[in-house]
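Biologist: Could you take me through this structure, beginning with a sheet and ending with a single side chain?
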Amino acid sequence: MAKNVFISHASKDKSFVRSLAGDLKEIGHRVWLDEWEIKVGDCIISKIEDGVKNADYVIIVLSVNSVVSGWVEKEWKSKYWDEISAKKIYVLPVLIDDCEIPELLKTKKYADFSKSYSKPFFELNKAIEPLVKSEPQNNEVFLSNSFEEKILERDLLYLDLIESYENIPTVLNLYDNKRRVVCVESAKSVDGLGFDLYKTTDLIADNNEIYFLYLHKGAGNYRTYDYIFEKYSHMIPIKQMIILLQPDKKIVDFEKRRKNISELYGSNNIYFLNEFVWKYCNTDDFREKDNFQISNFVEPYLRGEDKMALSYMKEWLEGDEEFLVVKGGGGIGKTTLVKKINQLISDKYVFVKVIYIDVAAIKNNLMRYSDMLDHELDLYDLYVVNNGGSIILSGVELISKELFKINFEFGNIVFIVDGLDEVISKYADKFDFYSFLGSIKEYNSASVLSGRKSKVLFTCRSYFLNKRKYAHIAESVIEVIPFNKVLAELYFQSCFEGNKRYVEKGMKIASILMGGGKDIEYIPFVLDIIKRILLETKGGFELSDVSFVSLLLDVKNKYDYIVYRVCYREIEKHDLGLDVDMQVRLFMEMACVYESPINKDTFSGILKSLIGRRVSDQTLDALFSHPFLDVVDNFVRFRYDFFAIYFKNIFLYDYFLGNYQLDEKLKMILLKKMNVSMINDVSIRLGSVNDELLLKFIDTIAWIRKDPDLPEEDKDRILSDLLLIALKSQQNTRANTKNENTALLKNMFTEQGEVLEGFVIKGLTEMDYEKMIFDFKGMFIKNSKFVDYDYFWECDFDEYTVFENCVFEGVRLKKDIKTKAVQKNFVQCTGDETFRNALHKRKQESSDNMQKILFDIKGFLKTFYVRGNMLPRREDVIKTMFKGDGVYYIKLLNEGGLIERYDSEKKTLGVQWKIKSEYIEGCTDFCFQGVMIKIINDIVASTIKKDS
């Protein structure tokens with residue numbers, strides 16, 4: 001007869017439980033399964049208690065998940081004590097994987113589903129006293145053919161769940177390439193059998209046999225052992241076999257798993273595959289781990305996340321996502337964060353290699369290496385270049401690409417690419433980010449068997465990850481944000497070991513440098529510099545301009561002040577024979593011409609050219625220890641990437657002051673794409689645009705235009721940047737008005753007479769800049785470009801404005817803007833769909849306005865129609881009858897010559913108007929026949945023109 005069956009299980013085993021419950025239900029039992037019985041609003045505890053209480057049997061599904069579940073234990077234990085009292089069997093154990101059997105159940109026989117399905121299901125069915133359809137002769141359970149077929153299908157499903165790693169021969173060849181690898185047998189069956197047995201022999205003598213037994217994931221341990229022992233024990237010393245196991249996320253205790261296999265086979269040579277590859281296939285150099293000592297580390301917050309950075313990244317390391325991008329501004333602490341992660345990984349994971357790639361340090365080698373490739377850069381290429389590109393150059397024994405992929409598949413690698421934007425900007429034509437992400441998936445192709453994936457961690461400046469371009473990876477991007485006050489104080493407390501005076505002084509200085517206010521954002525690199533100064537001057541750092549003497553730096557600029565103080569301290573500390581401005585010029589050369597990192601010889605050469613003599617080794621040593629610089633191996637680089645931009649800004653400022661001539665050095669910096677912050681910084685430094693500065697802009701523009709080697713796209717961008725710098729500079733001392741902007745535009749780009757030619761306005765968006773408009777009335781503009789200029793349609797136009805042979809892209813017409821520009825203002829111009837839509841909208845508005853005027857005039861004239869004739873009308877009657885603006889149309893039509901005042905003898909009637917006699921017949925036809933007459937056409941045309 002049918003029984004009530006309660007299935008106690010862990011939620012992670014739901015897939016197996018659903019199948020078991022379905023099969024029991026199909027043969028007639030009443031099965032209680034939580035997701036079937038508990039509805040929304042039910043009391044979960046009460047429903048479970050009722051289910052257990054009413055059950056004839058409780059099936060306890062034993063697994064690594066359920067034996068640690070408190071819920072599961074409570075469910076079956078209550079029935080277990082009923083079993084003891086009644087001396088009947090109520091609790092039926094079912095085993096689905098290798099786990100620790102609870103003490104109270106160790107004496108019970110369990111149905112072992114870990115090896116197969118059909119046989120243990122029949123055994124479980126007998127224990128439940130199944131529903132039978134007829135009394136079979138042999139006392140066995142009768143099952144329909146359809147159910148037998150279903151069980152057979154289930155066995156095939158379990159056969160599919162036995163998974164194996166196909167590259168074992170490759171692993172064994174990598175272990176010892178001087179031996180021959182032969183597969184003795186490979187087996188996989190529905191009853192849990194799953195293994196590969198390999199034999200390796202000496203290539204020359206074909207002897208000295210070593211046997212490797214690889215146990216498949218999901219295979220039954222005992223079934224496989226029985227088979228191996230029965231078939232091979234007479235010819236293979238089983239205790240001497242090297243046994244390879246598959247790492248699996250389901251394994252809670254790896255050492256217990258190793259111990260169980262060791263006891264079963266009597267062998268001590270038991271290795272998980274990732275462990276075996278790590279220990280016996282990799283080189284000593286590869287196994288050696290980098291050790292970054294990160295002092296005074298403070299964990300930063302992430303934008304829009306409820307976790308802090310390290311907590312988030314630790315979860316990512318244990319999850320399934322293959323890559324993560326850490327973005328943020330320059331100097332925000334991205335590098336420090338990933339170096340901290342490097343340290344944590346190295347400490348926690350024995351068999352994991354962190355490959356840290358400092359892109360800035362290898363980009364020159366990367367360019368040379370990529371030129372030799374016939375494919376796009378991938379992970380292995382970065383690994384090779386990071387180690388010098390070859391064994392000869394680095395002295396490091398590199399692993400092969402094949403072994404690199406094997407390590408990757410088994411989760412043995414965490415790859416940190418610090419400075420992804422450097423790769424993208426440097427190798428835009430050779431590096432495809434999507435393909436690079438694809439290479440990660442390729443290297444991770446078999447990681448599903450390994451239990452954990454190798455990971456790739458990127459750092460990147462925020463501007464690179466444009467949301468429109470990389471929206472599909474948004475979930476794999478986190479953003480590090482500046483410190484708040486609490487974190488800044490915590491940082492200083494760590495640095496100053498709780499010295500309250502130093503902490504307070506550091507916070508005071510930082511707060512002033514960060515602009516003050518309520519919600520100050522503290523940039524970590526600034527805090528680090530303040531810390532260094534306070535420690536080395538024993539707290540003597542005071543904000544003062546008394547000793548501030550510089551032609552390049554501005555005492556009122558917070559960054560300039562820090563730079564000055566740091567450089568001045570170096571003079572005092574090391575007796576450095578370079579004043580502050582000379583140090584700044586040295587850093588300008590590094591940032592603008594050579595780009596850091598540069599080797600020490602190049603650095604020495606730059607300095608020699610600046611001061612006109614050879615510098616001493618002592619001076620060089622002092623500079624190499626400069627707080628702004630890092631020296632790694634034989635290369636010098638900026639400690640913070642903020643300085644690469646900062647000193648470019650100083651360079652441009654110095655150029656416009658007249659200290660540099662037009663040369664390739666200037667072109668190199670102008671070719672580097674300037675961002676909004678750079679344009680703003682340079683313009684603030686320049687101040688107002690005087691005649692001398694204006695001439696400098698004009699000379700630079702002419703030089704750029706004439707350069708035959710510059711592509712048109714680069715010329716456009718540079719011309720736009722120069723114009724934006726000039727406009728922003730002018731606004732420092734004058735109001736941002738269209739007249740001031742227009743005058744500057746004319747001064748910079750007027751060619752002949754009043755013709756403006758060859759200017760570019762690009763990227764002047766409302767997101768980055770305040771409204772900047774021009775008065776184009778009466779102007780003739782040729783061969784100019786307007787690209788992503790959000791304010792174009794808000795400029796002034798009239799009927800004499802002409803744009804000839806100009807380009808318009810991304811100039812959208814906003815809904816609330818009423819522009820006066822019309823189609824005829826644009827002669828032989830090209831534009832994108834945004835531009836064409838704007839003109840179409842303007843044309844439609846003009847057409848709609850014309851129709852409205854015609855409609856209103858018709859309504860106005862009908863007020864004169866009385867008894868079949870157009871008769872004079874009092875002004876007050878016209879206003880009452882005509883619902884539009886009566887006064888406006890009286891004036892419009894009177895000035896247009898269509899109506900005139902009518903002087904009646906009856907003065908008491910007030911002011912009256914009439915249609916001129918010569919137009920009465922035409923107006924009647926216009927109102928009632930739709931016939932246009934010339935005078936009305938002229939009035940409407942004149943009105944439209946005036947409104948435009």
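Modeller: What follows concerns a predicted model, and I shall start with the sheet.

Biologist: In what order do the strands of the open sheet stand?
Modeller: The order of its 5 strands is β12-β13-β14-β11-β15, and their pairing is parallel.

Biologist: Which strands stand at the edges?
Modeller: Those are β12 (353-358) and β15 (477-479). Each has a single partner strand, so one side of each lacks a neighbour in the sheet.

Biologist: By how many degrees are neighbouring strands turned against each other?
Modeller: On average the turn is 15 degrees, with direction ignored.

Biologist: How many bridges join β12 and β13?
Modeller: β12 pairs with β13 (residues 413-418) over 6 bridges, in the parallel sense. Within this pair, Asp 358 is opposite Asp 418 of β13.

Biologist: Which strands does helix α17 touch?
Modeller: Helix α17, residues 401-409, packs on the sheet and touches β12, β13 and β14 (455-461). The direction of α17 makes about 105 degrees with that of β13.

Biologist: And where does helix α19 lie?
Modeller: Helix α19 (residues 433-443) lies across β11 (323-328) and β14. Relative to β14, α19 runs at about 160 degrees.

Biologist: A change of topic: where is Thr 619 found?
Modeller: Thr 619 belongs to helix α26, which covers residues 617-624.

Biologist: Is Thr 619 buried or exposed?
Modeller: Its relative accessible area is 18%. Buried means under 20%, so Thr 619 counts as buried.

Biologist: With which side chain does Thr 619 make a polar contact?
Modeller: The partner is the side chain of Ser 616, at 2.9 Å from that of Thr 619.

How values were computed: Residues numbered from 1 in each chain as written. Predicted model: local features only at pLDDT ≥ 70, side-chain atom pairs only at ≥ 80, totals over all residues. Heavy atoms only, no water. Pairing = 2+ DSSP bridges. Helix = DSSP H or I, 4+ residues; strand = E, 2+ residues; numbered from the N terminus. Axes fitted to C-alpha atoms, helices over the stretch in contact; angles between N-to-C directions. Contact = heavy atoms within 4.5 Å. Buried < 20%, exposed > 50% of the residue type's maximum accessible area, 1.4 Å probe, protein only. Polar contact = N/O pair within 3.5 Å; in protein donor to acceptor, adjacent residues only side chain to side chain.
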